[in-house]
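Trainee: Could you take me through one part of this model closely, namely the salt bridges made by its charged side chains and what surrounds them?

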Amino acid sequence: YCESHYGEDYLGVPNFPRAMSQLCLALMKDRRRSKALDLGCAVGRATFELAREFDEVTGLDSSARFIRIGVELRDKGCIRYTRVEEGELVSYRETKLSDLDLEGTQHRVSFQQADACNLKSLYAGYDLVLATNLIDRLNSPRKFLATIHERINSGGLLVIASPYTWDEEFTEKEEWLGGIRVAGDPFTTLDGLHECLGPYFIRLGEPQEIPFVLRETKHKFQHSLSEVTVWERRGVDSSS
């Protein structure tokens with residue numbers, strides 16, 4: 001994950017966390033950019049990228065190991081990690097915020113461990129919530145979607161990106177948002193998102209696909225497409 005966030009680009013695919021952040025910043029161009037929440041931040045690249053223009057960005061992830069990477073990069077300005085080449089062979093990598101033109105963002109970011117399905121009340125008042133490759137790894141994505149509006153200001157944006165790789169290892173089948181049949185008809189994850197988010201959000205524009213690559217070894221890569229949808233929080237009096 002350090003390599004996918006801070007390392008090289010592979011197979012001609014641009015850095016995914018940076019691409020997602022650029023999309024978000026473009027969407028927020030004429031909107032308030034006070035507070036942003038990066039849910040499922042992993043090792044934090046998008047958190048730093050959003051802090052280019054937001055006053056305050058919080059990165060949350062359920063993995064303490066991932067959060068420690070973000071904290072180390074914020075506090076020390078650099079991280080070192082190993083990258084698998086093949087078998088037992090590894091190479092040693094170093095990344096600095098200054099190399100990424102992000103050294104001015106440290107004081108605007110924070111990283112904390114949290115469960116997206118059980119967020120504390122203090123995580124609220126956001127102008128943007130970014131949930132990247134998250135919903136298909138939650139044990140209760142419906143619970144997450146049913147409450148996320150409580151975290152977002154009226155007129156704020158929720159940006160969801162996911163390859164919709166539903167797997168019972170992470171999410172029991174009755175919790176899947178889509179990829180199933182209902183009364184014999186196909187029911188997609190996009191259908192499920194509309195069902196869950198419709199009372200509180202309006203979808204903006206059409207879904208789009210953004211590719212990402214995960215490097216496993218020097219010779220093996222995972223190439224995936226994440227579908228991105230953008231949702232605007234309705235006014236408080238429009239939620240019924």
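Mentor: At 7% relative accessibility, Glu3 counts as buried (buried means under 20% relative accessible area, exposed over 50%, and partly exposed in between, with a 1.4 Å probe and protein chains only). The side chain of Glu3 meets that of Arg93 in a salt bridge, with 3.7 Å from N to O, where a salt bridge is a side-chain nitrogen of Lys or Arg within 4 Å of a carboxyl oxygen of Asp or Glu. This pair links distant parts of the chain, since Glu3 belongs to helix H1 and Arg93 to strand E4 (residues 89–96), 90 residues apart; helices (H or I, at least four residues) and strands (E, at least two) are DSSP runs, numbered from the N terminus. Arg93, at 24% relative accessibility, counts as partly exposed.

The model is predicted, so local features need pLDDT of at least 70 and side-chain atom pairs count only at pLDDT 80 or more, while totals for chains, interfaces and linings use all residues. Residues are numbered from 1 along each chain as its sequence is written, and side-chain values use heavy atoms, with hydrogens and water left out.

By the salt-bridge rule the count comes to 18. One of them joins the side chains of Glu49 and Arg18, at 3.9 Å from N to O, and this pair again links distant parts of the chain, with Glu49 in helix H3 and Arg18 in helix H2, 31 residues apart. Glu49 is buried at 2% relative accessibility, whereas Arg18 is partly exposed, with a relative accessible area of 34%.

Another salt bridge is formed by Arg33 and Glu53, whose closest N and O atoms are 2.6 Å apart. Arg33 lies in the loop between H2 and strand E1 (35–39) and Glu53 in the loop between H3 and strand E2 (56–61), so the pair ties together parts that are 20 residues apart in sequence. Arg33 counts as partly exposed at 27% relative accessibility, and Glu53 counts as partly exposed at 37%.
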